[in-house]
Amino acid sequence: MPDKNSFEARLRKARARRGVETPPGQSGPTPPNALGIGFRAGVEVVSALIAGLGLGWLLDRLLGTWPWLFLLFFVFGGVAGVLNVYRLFNPRRVGRDTQDRPPG
Amino acid sequence: MAVEGKTIDALSQFELKTVLGPIGEAVGFTQSTAHMALAAGLITLLVMFGMASRAVVPGRLQSLTESAYEFVHGIVTAQVGDEGKRFFPFVFTLFMFVLFGNMLGLLPYAFTYTSHIAVTFTLAAIVFVLITVVALALHGKKFFGYFFPEGAPLWLAPIIIPVEVVSYLSRPISLSIRLFANMVAGHVMLKVFATFIVLLGGLGAVGPFVAVLPLTVNVALVGFEILVAFLQAYVFAILTSIYLHDAVHLH
């Protein structure tokens with residue numbers, strides 16, 4: 001039904017012009033501010049470090065290799081923290097869905 | 001309580017105390033648990049009484065219930081897609097529980113149960129277990145491919161796999177720390193500025209005029225805290241939905 005579709009398109013355009021509907025991609029109740037972004041990134045790094053340290057400590061306790069896995073997973077935790085921050089700003093599914101760059 | 005010997009005591013508001021006298025003491029029923037029960041009761045009452053009339057043109061309570069419902073429904077369908085509708089009750093419960101915890105904590109004499117990491121981490125752990133079980137149930141062994149993206153060189157596996165595992169395990173931790181840290185920081189700031197009002201107010205004749213400054217700050221902070229309370233519940237719900245999307249679609 002071309003008529004209905006064109007009406008829907010015009011309605012959407014009119015609603016966007018009036019500010020009734022925000023265009024997709026700008027969801028969220030408030031625009032992110034610098035402090036919020038910084039806090040989120042900080043939390044991501046700290047939690048990845050905690051997860052890495054916890055996992056390393058647990059593996060060390062199980063295998064009796066204290067402190068080597070603990071130290072190794074400290075590094076993995078740091079890398080995972082950077083990865084988390086990277087994913088915070090470049091969500092994975094955008095790269096996968098558009099298929100305009102090689103994976104990885 | 002806030003001012004003891006002219007020092008700022010901002011952290012005593014987070015101490016757990018038992019309520020309901022000797023019975024509460026015997027079973028460890030704290031004011032935190034009482035507020036959780038109160039929040040659960042209020043949410044149930046809101047939904048029950050809000051939807052009792054089922055009017056075509058909703059009244060105030062019904063519109064509140066419907067807008068909460070549609071807000072969470074929008075989050076879930078936008079993030080997870082149509083498959084996410086079966087997780088809507090879970091996300092709605094989580095969102096309302098966190099929202100009521102944050103909002104109730106702003107009332108005078110109330111306790112903020114979301115300011116305890118034990119509570120927020122329990123909520124985040126439930127989310128973590130759910131997303132892992134959903135991913136395993138839907139994808140079986142393919143779930144483990146999540147930790148090694150296809151197309152990456154094989155010799156990088158010893159680095160990529162531990163990093164991805166740690167990154168996956170950090171999800172409940174970041175989810176819980178974010179909520180807990182925001183609530184603690186907000187309430188400490190409120191208490192510190194409230195103490196300033198009392199301390200400055202006692203400075204002789206000029207005191208009450210100077211004390212207006214921290215009072216102004218506190219009024220602004222209360223407004224800001226209402227925003228944070230809503231925003232953190234929203235963030236908790238949307239991150240749960242994003243994780244559910246990852247679990248359902250697994251890229």
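**View 1. Leu250(B), which directly follows H8(B), adopts a positive phi of about 50°.** Helices (H or I, at least four residues) and strands (E, at least two) are DSSP runs, numbered from the N terminus. The model is predicted: local features require pLDDT of at least 70 and side-chain atom pairs count only at pLDDT 80 or more, whereas totals for chains, interfaces and linings use all residues. Residues are numbered from 1 along each chain as its sequence is written, while chains are lettered from A and ligands numbered from 1 in the order in which they are written. H8(B) itself comprises 38 residues. Its first and last C-alpha atoms are 55 Å apart, close to the 56 Å expected at 1.5 Å a residue; the expected span is 1.5 Å times one less than the number of residues.

**View 2. Chain B is built from 8 helices and 0 strands.** Its elements follow the pattern α-α-α-α-α-α-α-α along the sequence. The radius of gyration of chain B, 22 Å, is well over the 18 Å given by the globule rule for 251 residues, so the chain is more spread out than a compact globule. The radius is taken over C-alpha atoms, and the rule is 2.2 Å times the number of residues to the power 0.38. The C-alpha trace of chain B spans about 75 × 55 × 40 Å along its principal axes. The mean pLDDT (the predictor's confidence in each residue, from 0 to 100) of chain B is 90, and 97% of its residues reach 70 or more. For the complex, the predictor gives an ipTM of 0.82 and a pTM of 0.83.

**View 3. Helix H3 of chain B, residues 60-80, has a buried side and an opposite exposed face.** A residue is buried if 20 or more other C-beta atoms lie within 10 Å of its own, exposed if 12 or fewer, and partly exposed in between, with C-beta atoms placed from the backbone. At 1.5 Å a residue, the 21 residues of H3(B) should span 30 Å, and its end C-alpha atoms are 30 Å apart, in agreement. Thr65(B), Val72(B), Ile75(B), Val76(B), Gln79(B) and Val80(B) are the buried residues of H3(B). These residues cover an arc of only 100° around the axis, which places them on the same side of H3(B); the arc is that of the directions from the helix axis to the C-beta atoms. Turned away from this side are the exposed residues Arg60(B), Ser67(B), Glu70(B) and Gly74(B). The cover over the buried residues of H3(B) includes H2 (31-50), H4 (88-104) and H8 (212-249) of chain B. Gly81(B), which follows H3(B), has a positive phi near 95°.

**View 4. The largest nonpolar core has 48 residues.** Such a core is a set of buried Ala, Val, Leu, Ile, Met, Phe, Trp, Tyr and Cys residues joined through C-beta atoms within 7 Å. Val91(B), Leu94(B), Phe95(B), Val98(B), Val166(B), Phe236(B) and Ala237(B) have the most contacts inside this core. At least two residues each are supplied by H2 (34-63) and H3 (68-89) of chain A and by H3, H4, H5, H6 (157-201) and H8 of chain B. H4(B) provides the largest share, 9 residues. Two residues are in contact if their C-beta atoms, placed from the backbone, lie within 7 Å. Beyond its neighbours within four places in sequence, Val166(B) contacts Ala48(A), Ala51(A), Gly52(A), Leu55(A), Phe73(A), Phe76(A), Gly77(A) and Ala80(A).

**View 5. Val127(B) lies in helix H5 of chain B, residues 117-139.** Val127(B) is buried, with 21 other C-beta atoms within 10 Å. Apart from neighbours within four places in sequence, its contacts are Pro172(B), Leu175(B), Thr240(B) and Tyr243(B). The C-alpha atoms of Val127(B) and Gly105(B), 22 residues apart along the chain, are separated by 23 Å.

View 6. Arg54(B) is exposed, with 8 other C-beta atoms within 10 Å. In the loop between H4 and H5 of chain B, Tyr109(B), which is not a glycine, has a positive phi of about 70°. Tyr109(B) is likewise exposed, with 5 other C-beta atoms within 10 Å.
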